[in-house]
Amino acid sequence: MRGFTRLDEMAFEIAIKRHAIREKIADAITRFAAERDWHQFHDPKNLAMAVAVEAGELMDHFRWVHSDQSRGILDDARTRAGVEEEAADVMILLLEFATVCGIDIAAAVERKMARNAERYPVDLAKGRAVKHD
């Protein structure tokens, strides 16, 4: 590519691969639901609720655990497997939600990250967990 550094080319190649992987996952999710005739249940409301339910199940693994101990519970293989399954459920349902709603989730994430960068500039936000506008 003319006018681009090797780093630019590598970043472009990675972006293309990520897009292909994202599309492959979204297609697999859509196909899985279609094979089971679940699209009749996959409206925005039900999918949004399902995301919340699965997020709750993910949070349940960390209930009553002090923040400083939360990483440590992932050392247990059985707990880690459960956390991974719930995280996958959240992602699957969120991707299905985006598909059903016609949301380009990658573009939405990029826009949100740009907005967050404006709202939380490094010099004001670094090392601070304070919400501000």
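## Salt bridges

At 49% relative accessibility, R63 counts as partly exposed, a class that lies between buried (under 20% relative accessible area) and exposed (over 50%), with a 1.4 Å probe and protein chains only. The model is a predicted one, in which local features need pLDDT of at least 70 and side-chain atom pairs count only at pLDDT 80 or more, while totals for chains, interfaces and linings use all residues. Residues are numbered from 1 along each chain as its sequence is written, and side-chain values use heavy atoms, with hydrogens and water left out.

The side chain of R63 forms a salt bridge with that of D60, at 2.1 Å from N to O, where a salt bridge is a side-chain nitrogen of Lys or Arg within 4 Å of a carboxyl oxygen of Asp or Glu. D60 is partly exposed, with a relative accessible area of 39%. Across the whole structure, 3 salt bridges are found.

Another of these pairs joins R36 to E35, at 3.4 Å from N to O; R36 is partly exposed at 37% relative accessible area, whereas E35 counts as exposed at 58%. A further pair is made by E84 and R80, at 3.8 Å from N to O, and both residues lie in helix α3 (residues 77-101), 4 residues apart, or about one turn of the helix. Helices here are DSSP runs (H or I, at least four residues), numbered from the N terminus. E84 is partly exposed at 47% relative accessibility, and R80 is partly exposed at 39%.

## A buried glutamate

E54, which is found in helix α2 (residues 44-60), is buried yet has no salt bridge. The nearest side chain of opposite charge is R63, 13 Å away, with Lys and Arg counted as positive, Asp and Glu as negative, and His and the chain ends not counted. Apart from neighbours within four places in sequence, E54 is in contact (heavy atoms within 4.5 Å) with E86, D89, V90 and L93.

## A negative surface patch

On the surface, E23, D27, D104 and E110 gather in a patch of negative charge. Such a patch is made of residues with over 30% relative accessible area and no salt bridge, like charges being joined within 9 Å, and the place of a charge is taken as CG of Asp or CD of Glu. Accessible areas come from the Shrake-Rupley method with a 1.4 Å probe. E23 lies in helix α1 (residues 6-35) and is partly exposed, with a relative accessible area of 37%.

Key
Patch = residues over 30% accessible without salt bridge, like charges linked within 9 Å, V, L, I, M, F, W, Y side chains within 5 Å. Helix = DSSP H or I, 4+ residues; strand = E, 2+ residues; numbered from the N terminus.
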